[in-house]
Structures are given as structure tokens and as C-alpha cells.
Amino acid sequence: MVCKKVQSLLSDYRKGRLDPQTHQFIDQHLADCPDCRKALEADETISEFLGTLESPVIRDSLAPDVMQKVNQLEEFQRRPLRQLSFSRMPPLTRWTLIGSMIILFAVVGFFVFTFKSTESQYYTAYGDAGYTWMGPQDEELKQLFESTTRDVLSSPMEGGGSLAAIVGPEQSDQNDGKVVHTFDLTVDEQDRIVTEFDIEEPEEE
Amino acid sequence: MNDLHDIGALSDEALMLHVKEGDHRCFETLLHRYEKQLLSFFYRQLGDYEGSKDLLMETFIRVYNAAARYEPRAKFSTYIYQIARNICINEFRKREIRRADSLDVMGEESGIEIAGEDLNPVQIMEQRERQEMVRQSLDILTEDQRTILILSEYQELPYERIAQIMNCTVGTVKSRMHRAKEKIKEWMERHGM
């Protein structure tokens with residue numbers, strides 16, 4: 001028990017860190033205890049071995065680099081937001097800001113484009129069907145739409161749209177000289193027709 | 001506080017309180033006081049001089065950034081070594097480091113030298129080989145054991161201070177220290193030393 005206590009203090013004993021009373025006690029114990037003397041020798045050997053790894057000799061102090069970094073941090077914190085230099089921002093902050101701006105523009109652009117697409121192709125509704133034309137801004141087409149019999153033939157299509165055709169005054173399976181306009185129709189909640197369509201030229205008779 | 005002598009006479013804790021108020025001169029004084037010993041601490045942990053410089057820089061920047069919240073509850077040396085130790089642990093986790101195999105990182109252009117460079121080439125080579133063996137022996141220790149050994153044997157901190165840094169009891173420090181030396185002793189015997 002005593003030896004365990006003494007051996008735990010050998011390192012401090014060697015380095016002279018113990019109070020005089022404890023140091024003297026260990027002196028006396030070592031005189032009578034070969035095991036503890038052996039432990040002391042081992043401790044000295046280990047310390048000597050470890051002491052081989054010396055401290056690096058520093059030629060250039062890091063103080064200037066650290067103070068430069070500190071000054072940069074302070075300058076960044078002091079500067080009003082509007083005067084912030086983009087190029088002086090920390091890289092992570094800079095790239096986070098760039099990424100956020102790109103996403104923001106993309107989202108705004110999507111909604112603007114979608115809204116614009118919808119708005120620019122709005123035609124006023126007319127007639128019994130109650131549908132509102134939302135095709136491209138084409139005057140000829142608009143007049144045709146308004147002047148023809150609005151018999152809309154529709155059939156379900158994949159994806160929820162429907163194929164419709166507005167034919168001339170006479171319904172016919174054939175073109176019969178009339179321009180046939182076929183559409184992929186979808187109707188929104190306000191009964192507005194959203195279309196994309198192709199114009200087929202009349203067949204030669 | 002205008003006189004430079006005043007700054008030199010201040011304790012670490014008093015300096016840090018001035019740093020809290022924005023005094024750069026006091027921060028620079030602390031920097032000079034702890035630069036060498038912290039660099040040695042990191043160097044003995046990592047075996048990599050350039051990496052040690054980076055961690056030293058990170059330590060002081062972290063101290064600076066935390067200055068506004070600083071309260072002198074413990075000695076400043078305990079405080080800064082706690083920060084240094086945490087940074088070291090994070091670095092080991094990031095890099096899963098094995099300490100540098102080669103001593104080639106030490107050299108004139110890296111700004112450090114081995115003490116005794118005036119020795120002849122054979123003696124220098126022998127010295128470097130011995131140092132490499134010490135590094136290998138420290139590698140077998142756990143992080144706690146190695147840190148305690150370094151703080152005691154190289155930084156010469158008392159067990160009470162080490163216990164505060166490691167956030168454990170003095171008894172635990174002594175126990176881990178004893179275990180660390182047992183491992184070193186076994187390693188030395190295996191390698192015929």
C-alpha cells in the first residue's frame with residue numbers, strides 16, 4: 001500500500017515538486033525498499049527516453065499572422081452591412097450567399113414565367129360554352145375561334161388533358177376544306193382553357 | 001494603461017480581461033507567452049510542424065472570439081489548454097491521424113530546427129531516429145494518456161492543473177499517467193531498450 005503511494009509520487013519526487021516532509025519520507029522509504037528503487041530507475045529511464053523528443057526551435061513567431069487575422073475579423077465585424085466587401089467575406093459565407101441568391105432568382109423567375117405565360121395568353125370568354133381562350137396571342141386564330149361553331153370534340157388523354165378540335169360550321173370527320181385546330185386542352189378551376197395546339201392546313205381537294 | 005511595463009506585469013487573467021475590452025496589445029502579450037509551449041504541445045501530439053502551426057492559430061483565434069464571454073473562473077493556462085486539447089481531439093477525429101512517419105517535415109524552410117544542428121550528420125541522424133522512436137511509443141497511448149503524459153513530462157504542469165484541463169480528478173490523472181508509463185516501458189522492452 002505504501003509502495004503504491006510512493007511509486008505514484010516518484011515522478012514529482014524526481015522533479016523536486018514535493019513538499020519537504022513528503023520528500024524526506026520517500027527518501028527514507030527508498031533506502032529500505034528495492035522495489036521502489038527499481039521503480040524510480042524505470043521512471044528515470046522513461047523520462048530520459050521521452051526527453052529525446054525535444055521542442056521545435058521556432059524561428060518565426062506566429063504572432064504577426066494571428067494579429068493580422070484578428071484585425072481582419074474585427075474589421076469585418078465593424079463594417080456596416082452595405083459596405084461589406086464581397087471579396088473579403090469568409091469563403092463559406094460568400095458561397096452560401098451566392099447559392100442563396102441563385103435559388104432565390106430561380107424561384108422568382110419560375111413564378112414570373114408561369115404567371116406571365118398564363119396572363120399573356122388570356123382571351124375573354126364568350127359564348128355558351130363559357131370557356132376562355134388561353135392559347136397564344138394570335139389574332140387570326142382568335143378570330144377563327146370566335147367565328148366558328150364552338151363544337152368542341154374532346155376525348156380524354158393521358159395526363160388529364162383532352163384533345164379537342166374546333167371545326168368549321170359543319171361538323172365533319174373530314175376537314176372538308178376547313179381548317180381544323182386540334183388542341184391539348186386542360187381546363188383550370190376558373191374554367192379557363194389552357195392549351196397548346198397545332199394548326200393543320202386544309203387538305204387539298 | 002499606457003506603459004508597456006504595466007502589461008508585462010499583469011497576470012494572464014488580467015490580460016484576458018483587458019482583451020475582453022478590446023485591448024489588442026494584451027492579446028498579443030498572451031500570444032507571446034503561450035505560443036512556444038502550445039506549439040510544443042501540438043507538435044508532440046501530431047508530429048507535424050505545419051499542422052501544429054495551424055492548430056496554434058486556431059487556438060488563439062478561438063480565444064479571441066470567446067473573449068467577450070471570458071470569466072476568470074480558473075487559471076488562464078487551464079482555459080487555453082482546454083481549448084487546445086479540444087482542438088487537438090477534433091483534429092485527430094478529422095484526420096484519423098497517425099503521426100508523421102518521417103521527420104522530413106522538419107527542416108530549414110519550415111522555420112524550425114532540431115536542437116544541436118551543429119552535430120555531425122551521423123549524430124543528427126541518430127538523434128532523429130531516437131525522436132522517431134519516441135513518437136512511435138506515444139502513438140500506442142490513448143488520447144487521454146498521451147495528453148496527460150505530454151502535459152506532465154513536457155509542459156511540466158502539476159497534476160492538479162492537468163486534472164482541471166482534462167476535467168477529471170487528480171486520482172484519474174495519476175492512474176492514467178501510471179498506465180501510460182507502463183505502456184511506454186513495455187514498448188521500450190519490446191524494442192530492446
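Student: Which residue forms a salt bridge with Asp23(B), and how far apart are the closest N and O atoms?
Tutor: Arg25(B) does, with the closest N and O atoms 3.9 Å apart. A salt bridge here is a side-chain nitrogen of Lys or Arg within 4 Å of a carboxyl oxygen of Asp or Glu. Keep in mind that this is a predicted model, where local features need pLDDT of at least 70, side-chain atom pairs count only at pLDDT 80 or more, and totals for chains, interfaces and linings use all residues. As for bookkeeping, residues are numbered from 1 along each chain as its sequence is written, chains are lettered from A and ligands numbered from 1 in the order in which they are written, and side-chain values use heavy atoms, with hydrogens and water left out.

Student: Is Asp23(B) buried or exposed?
Tutor: Asp23(B) is buried, at a relative accessible area of 16%, while Arg25(B) is partly exposed at 34%. Buried means under 20% relative accessible area, exposed over 50%, and partly exposed in between (1.4 Å probe, protein chains only).

Student: What about Glu58(B) and Arg62(B), how do they meet?
Tutor: Their side chains form a salt bridge, 3.2 Å from N to O. They sit four residues apart in helix 4 of chain B, so about one helical turn separates them. Helices (H or I, at least four residues) and strands (E, at least two) are DSSP runs, numbered from the N terminus. Glu58(B) is partly exposed at 32% relative accessibility, and Arg62(B) is partly exposed at 34%.

Student: Which residues do salt bridges with shared partners join into one network?
Tutor: Arg14(A), Lys15(A), Asp43(A), Glu153(B) and Lys181(B). Within that group, the side chains of Lys181(B) and Asp43(A) meet in a salt bridge at 2.8 Å, N to O.

Student: OK, on to the interface. How many salt bridges does the rule find across it?
Tutor: Two, between chain B and chain A. The rule also finds eleven residue pairs in polar contact there, both residues at pLDDT 80 or more. A polar contact is a pair of N or O atoms within 3.5 Å; within protein, one must be able to donate a hydrogen and the other to accept it, and residues adjacent in sequence count only if both atoms are side-chain atoms.

Student: Which helix of chain B gives the largest share of the side that touches chain A?
Tutor: Helix 3 of chain B, with eleven residues. By class, that side of chain B has 24 nonpolar, nine polar and 14 charged residues. For the classes, Ala, Val, Leu, Ile, Met, Phe, Trp, Tyr, Cys and Pro count as nonpolar, Asp, Glu, Lys and Arg as charged, and the others, Gly among them, as polar.

Student: And how many residues are in contact?
Tutor: 47 residues of chain B are in contact with 36 residues of chain A, where contact means heavy atoms within 4.5 Å. The area buried between the chains is about 3800 Å², with carbon and sulfur atoms giving 64%. Buried area is the accessible area (1.4 Å probe) that two parts lose on being put together, summed over both.

Student: What is the secondary structure of each chain?
Tutor: Chain A has seven helices and five strands, and chain B has nine helices and one strand. Of the 205 residues in chain A, 26% are buried; for the 193 residues of chain B the figure is 50%.

Student: Which side chain does Arg135(B) touch in a polar contact?
Tutor: The side chain of Tyr43(B), at 2.6 Å. Arg135(B) is found in helix 6 of chain B. Arg135(B) is buried yet has no salt bridge, and the nearest side chain of opposite charge, Glu132(B), is 4.3 Å away. For charge, Lys and Arg count as positive and Asp and Glu as negative; His and the chain ends are not counted.

Student: Last one: where does Glu156(B) lie?
Tutor: In the loop between helix 7 and helix 8 (159-166) of chain B. Glu156(B) has a positive phi of about 55 degrees although it is not a glycine, and is exposed at 52% relative accessible area.
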